[in-house]
Amino acid sequence: MTIFFQPLHLLASTTETADSSLVLASVLLSLVVVYFASKLGGELSNRIGLPPVLGELVGGVVVGVSALHLLVFGDAETSSSVIMQFLTFTGSLSPEAANSVFHAQSEVISVLAELGVIILLFEIGLESNLKDLLSVGLQATVVAFVGVVVPFAAGTAGLMLIFGVGAVPAIFAGAALTATSIGITSRVLSELGRLNSKEGQIILGAAVIDDVLGIIVLAVVASLAKDGAVDVGKVIYLIFSAAGFLVGAIALGNFFNKSFVAVVNVLKTRGELILPAFIFAFLMAYFAASIQLEAILGSFAAGLVLEETEKRKELQQQIIPIADMLVPIFFVTVGAKTDLSVLNPAIPSNREGLIMAIFLVTVAILGKLVTGFSVFGKEKINRLAIGVGMIPRGEVGLVFLGIGSSVGILTKPLEAAIIVMVIVTTFLAPPFLRIVFPDPEPAALSNTAENP
């Protein structure tokens, strides 16, 4: 899987001429910036009632090329990195040495970010109950398919026909429109006492299916991006490969579950649960990559399989600190690489990117609102609420953006437009849900009274 393992080769070549101690120093300073931006942004976002992941993204934008230039990557000028300026001054580096250190540091952070997204999808798989996936019902399935097909088709066609974007980047941007963040929606529904309402159940069921469909779509379009062209035969192969891989992994789950638990029960040293789990997740990621799919599809499937074991709760707890260490690197670097200056309307050449962002936001909102009206057979149901609940893209949309950015197929205006879409939809969904669900359910009110 080239988008995840290619940096290792690049790192080997760049570190041959770079001072290893200075590379380590620059990586450590970069991680200080990443964790500071992640924590500060996440805390501020949480305090105003928004998901912390959005704060991590915005924190990355602030410390990246859009603002402070603290976290800059190898496709930029070495002199633009504040960290490299500091190291050059304190270490008396020559321009050639500074350039080698800069590129090596960039590759290390990129590898850590890519490892972070593999861990993220493994964690999402662990939190996705397989029985819920199979029992959400026809209504949620219809909503999910409409919520994937409509924005994907409208976004891809619009970018190609209106803006003249190439087929592969347009498909990638269209795929980023398909995601739904179940974490954001479920939190707001819970606060409103609507989590167990008919609308809430359809929204959550559809969001879970959306995640699975989104992972398959991502696997397909990311693999297409490697060749730079759309091959219909290969698309069909990738769709069947992705679906078959996921179904096959789940089908083997019952057999593997028992073996996994048996092995874990025999082990007595530290890491007896988490290390075998990572061995399985990374092997699944490798197998997915070996058949031209995305490594994240393998780690997601591994999470689904291990969610069925009796060790799932313990495993979920053990993976949290590891995810807390690696996943923020992914989100902050996505924000740091995004140059929002390309949306400055004062510069004539930037206006197309701004218009593109407006277009994507419009498609992202309308493409999910129509899902509520695809619900059939139910008269007294809040269809608008279902559509609004499907709007937020959140962390799933950022996964798409991060993969697209890593393979280098997205232009800067298109990258910025996608990140604006993710930010706007994530910001709008919570207040919109409160509007379409104006009053909490009586049960929620009584629970609040009993547990002040």
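Start by selecting S299: at 0% relative accessibility, it counts as buried. You're looking at a predicted model, so keep that in mind as you click around. S299 belongs to helix α14, residues 295-307. Show its side chain and find the polar atom that sits 3.2 Å from the backbone oxygen of I118. Beyond its neighbours within four places in sequence, S299 is in contact with I118, L121, F122, A281 and A285.

Next, pick F122 from that list. Not counting residues up to four places away in sequence, F122 touches A277, F278, A281, S299, F300, A302, G303, L306, L315 and I319. F122 also forms one aromatic cluster with F278 and F282.

Now select F278 and F282. Both are in helix α13 (residues 274-290), 4 residues apart, or about one turn of the helix.

For another pair, jump to F330 and F331. Here the ring centres are 5.3 Å apart with planes at 65 degrees, so the pair is edge-to-face. F330 counts as buried at 5% relative accessibility, and so does F331 at 3%.

Zoom out to the largest nonpolar core, which has 120 residues. F122, L159, L360, V399, L414, I418 and M421 have the most contacts inside it. Helix α5 (residues 95-127) gives the most to this core, with 15 residues. Apart from it is another core of 22 residues, including A140, I203, I209 and I381.

Last stop: K337, which lies over the face of F73, 4.8 Å from the ring centre.

How values were computed
Residues numbered from 1 in each chain as written. Predicted model: local features only at pLDDT ≥ 70, side-chain atom pairs only at ≥ 80, totals over all residues. Heavy atoms only, no water. Core = buried A, V, L, I, M, F, W, Y, C linked by side-chain atoms within 4.5 Å. Buried < 20%, exposed > 50% of the residue type's maximum accessible area, 1.4 Å probe, protein only. Helix = DSSP H or I, 4+ residues; strand = E, 2+ residues; numbered from the N terminus. Contact = heavy atoms within 4.5 Å. Polar contact = N/O pair within 3.5 Å; in protein donor to acceptor, adjacent residues only side chain to side chain. Phe/Tyr/Trp six-rings, centres within 6.5 Å; stacked < 30°, edge-to-face > 60°. Lys NZ or Arg CZ within 6 Å of the ring centre and 35° of its normal.
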